[in-house]
Amino acid sequence: MADMWVHEGFTNYSETLFTEYHFGKKAGNEYNFGIRPEIGNKTTIIPAYNVNAQGSGDMYNKGGNMLHAIRHSMDNDVLFRNILRGLNKDFYHQTVTSKQVEQYISRHAGFNYQKVFNQYLRNLEIPSFEYYFSNDGRTVNYRYQNCIDGFNLPLSLNNEKAKVRIVPSKKWQHKKLKMDEKPLFEKEFITFNYYIKVKPVNKK
């Protein structure tokens, strides 16, 4: 029962995929963003094991938002689709644990998402992405706060003109930006794709 998010979270995310398929990616992002107010973050999605405990109702909407964030962090919908199909094929007619699913996604994505799963499934805090630009606007400085140690959700930001991929941590990092890359760091743009709080900060 503690791992009920596996079927409920993926089923919830199928609603986002359905919306995107019929109405476009923007509509899918808006749908996923629109269910966030229903996330309570009062108890963890995964409770204690071996005591017949069921996790919180956040296994639905928060589970779906976590998968949406992981998908965008990959920035490869073909890979993400193959992982979804692979989960069904490789675990067909089996009872699986959250650990098996988490390891499967990390292995096939080529990135260790363990800290990301721990953050959203086993903790309550919503990570904050803080950033500011240098005076000339050519460098962005960024970090994560309000998260577990080692939280490393990649942020893949792109539009028709530019693409940037960063892997923030709790320590300040910086990246030189090209002319078309600064607009990617708009609060709304990041918030719609990732279940994090986005906080531009003032640094002098």
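**Group meeting: strands and helices of a predicted model**

Let's start at strand 1. Strand 1 and strand 6 (residues 197–200) run parallel, joined by 4 bridges. Strands here count as paired if DSSP finds at least two bridges between them.

A word on the source. This is a predicted model, where local features need pLDDT of at least 70, side-chain atom pairs count only at pLDDT 80 or more, and totals for chains, interfaces and linings use all residues. Residues are numbered from 1 along each chain as its sequence is written, and side-chain values use heavy atoms, with hydrogens and water left out.

Back to strand 1, residues 128–133. Ser128 sits opposite Gln145 of strand 2. The hairpin of these strands has 5 residues between them, and there Gly137 takes a positive phi near 75 degrees.

In what order do the 4 strands stand? The order is 5-2-1-6, in an open sheet with mixed pairing. Strand 5 (173–176) and strand 6 are at the edges with a single partner strand each, so one side of each has no neighbour in the sheet. From one strand to the next, the twist averages 25 degrees. As a general point, strands of a sheet pair through backbone hydrogen bonds, either parallel or antiparallel.

Next, the helices. Helix 3 (residues 58–74) and helix 6 (residues 114–122) have axes that come within 10 Å and cross at roughly 160 degrees. Axes are lines fitted to C-alpha atoms, for helices over the stretch in contact, with angles from 0 to 180 degrees between N-to-C directions. That angle makes helix 3 roughly antiparallel to helix 6. The scale: under 35 degrees is roughly parallel, over 145 roughly antiparallel, 65 to 115 roughly perpendicular, and the rest oblique.

Which residues of helix 3 and helix 6 make the contact? From helix 3, Lys62, Met66 and Ile70; from helix 6, Val116, Phe117, Tyr120 and Leu121. Contact means heavy atoms within 4.5 Å. These residues divide into 6 nonpolar, no polar and 1 charged. Ala, Val, Leu, Ile, Met, Phe, Trp, Tyr, Cys and Pro count as nonpolar, Asp, Glu, Lys and Arg as charged, and the others, Gly among them, as polar.

Helix 5 (residues 98–109) also packs with helix 6, at about 140 degrees, with axes 10 Å apart. So helix 5 is oblique to helix 6. On the helix 5 side, the contact uses Ser98, Glu102, Ile105 and Ser106. Helix 6 brings Gln114, Phe117, Leu121 and Arg122. This contact divides into 3 nonpolar, 3 polar and 2 charged.

Last, the overall picture. The protein chain has 7 helices and 6 strands. From the N terminus on, the elements run α-α-α-α-α-α-β-β-β-β-β-α-β. The C-alpha atoms fill a box of roughly 55 × 35 × 30 Å along the principal axes.

Key:
Helix = DSSP H or I, 4+ residues; strand = E, 2+ residues; numbered from the N terminus.
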